[in-house]
Amino acid sequence: MIFIFLKLFLFFIILSFFGWQFSRKFLKQNELYVLVPVSMIIGISAFVLLLNIFSYFLPIYISFTSTLFILLFLSFYFYTKRDASLLLGVEKKYLYFLIIATVIISSLYGLIFFSHDIFDEGIHRVYGESIINGNFPVRDPYNPGYSIQYHYCFALLISATSYLTGLSMISSVDATMIFQILPVFWMVFAHVYRITKNYKMAF
């Protein structure tokens, strides 16, 4: 179980590392309080986008691994091309408070995710299991004659999480949702503070 959680942690770190290097290289972003949430969002988005493209040409299980290694390779390539120095962007005490608040709020959401089926979690689990078993291009498991054209990106992400880490599909849904929730609160703070330069309004 410990090895599974280490792989899960490494998987999310690689996605965030790519988003971090991409943001610094192409978005010219060097403020830590903005980089953290943006890195997670870009990492997830890039992984799902490339996975979706590659899976049309490669078996899905090969696409899972190939996409991750491509992002890791690009991350180190961008890392060698970085230029601007890293800044906090906010006062250190507020950054610490932001980290603590984000962890607490995300933990509360995590307790909800792990104890209840929420939103359309059930259908995504079914789609995720079918994708791992080769259902790509994605067809409706309940109606195989119907080709799904949209709204399966989360199923792609959780199927990759389960396949690459060994986590069960149910736990993969919960872990992935927490990883996606984490940057939301942080990004709201970053967005409001960027506009107003007011800590109270941002929090």
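Me: What makes Leu49, Ile53, Tyr56, Phe57, Leu58, Tyr61, Ile62 and Tyr163 a nonpolar surface patch?

Reply: In this predicted model, these eight names form a nonpolar surface patch of about 820 Å². A patch of this kind takes residues with over 30% relative accessible area and no salt bridge, and nonpolar side chains are joined within 5 Å. Helices α2 and α3 (60-80) each supply at least two residues of the nonpolar patch.

Me: Why is Ile62 called partly exposed?

Reply: Ile62 has a relative accessible area of 34%. Buried means under 20% and exposed means over 50%, so Ile62 is partly exposed at its 34%. The residue belongs to helix α3, and Ile62 is also one of the members of the nonpolar patch.

Me: Why does Thr67 count as buried?

Reply: The relative accessibility of Thr67 is 0%. Buried means under 20%, so Thr67 counts as buried. Thr67 lies in helix α3. Leu49 is itself one of the residues of the nonpolar patch.

Me: How do you know which element gives the most to the lining of the largest pocket?

Reply: The count by element shows it: α4 gives the most, with seven residues.

Me: What makes up the lining of the second largest pocket, by class?

Reply: Ten nonpolar and two polar residues make up that lining, with no charged residues. The volume of the second largest pocket is about 230 Å³. Twelve residues line this pocket, and Phe5, Leu8, Phe9, Phe12 and Ala175 are the closest to its centre. Helices α1 (2-26) and α7 are the elements that give two or more residues to the lining. The largest share, six residues, comes from α1.

Me: Why is Ser171 called partly exposed?

Reply: Ser171 has a relative accessible area of 24%. The cut-off for buried is under 20% and that for exposed is over 50%, so Ser171 is partly exposed. Ser171 sits in helix α7. From Ser171 to Ile104 the C-alpha distance is 20 Å, and the two are 67 residues apart in sequence.

Me: Why does Trp186 count as buried?

Reply: The relative accessibility of Trp186 is 8%. Buried means under 20%, so Trp186 counts as buried. Trp186 is in helix α7. The C-alpha atoms of Trp186 and Val38 are separated by 9.3 Å, although the two residues are 148 residues apart along the chain.

Me: Why is Ser23 called buried?

Reply: Ser23 has a relative accessible area of 0%. Buried means under 20%, so Ser23 is buried. Ser23 is part of helix α1. Between Ser23 and Phe73 the C-alpha separation is 16 Å, and the two are 50 residues apart along the chain.

Me: Why does Lys28 count as exposed?

Reply: Lys28 has 55% relative accessibility. Exposed means over 50%, so Lys28 counts as exposed. Lys28 is in the loop between α1 and α2.

Me: How do you know that the peptide bond from Phe136 to Pro137 is cis?

Reply: Its omega is near -5°, and the bond is cis. Most peptide bonds are trans. Pro137 lies in the loop between α5 (121-132) and β1 (139-140).

Methods. Residues numbered from 1 in each chain as written. Predicted model: local features only at pLDDT ≥ 70, side-chain atom pairs only at ≥ 80, totals over all residues. Heavy atoms only, no water. Helix = DSSP H or I, 4+ residues; strand = E, 2+ residues; numbered from the N terminus. 1 Å grid on protein atoms, 1.4 Å probe; cavity = no way out; pocket = protein on both sides within 12 Å on 5 of 7 lines; lining within 4 Å. Points joined across faces, edges and corners; volume = space filled by probe spheres on them. Nonpolar A, V, L, I, M, F, W, Y, C, P; charged D, E, K, R; others polar. Patch = residues over 30% accessible without salt bridge, like charges linked within 9 Å, V, L, I, M, F, W, Y side chains within 5 Å. Areas by Shrake-Rupley, 256 points an atom, 1.4 Å probe, with all protein chains shown as cover. Salt bridge = Lys/Arg side-chain N within 4 Å of Asp/Glu carboxyl O. Buried < 20%, exposed > 50% of the residue type's maximum accessible area, 1.4 Å probe, protein only.
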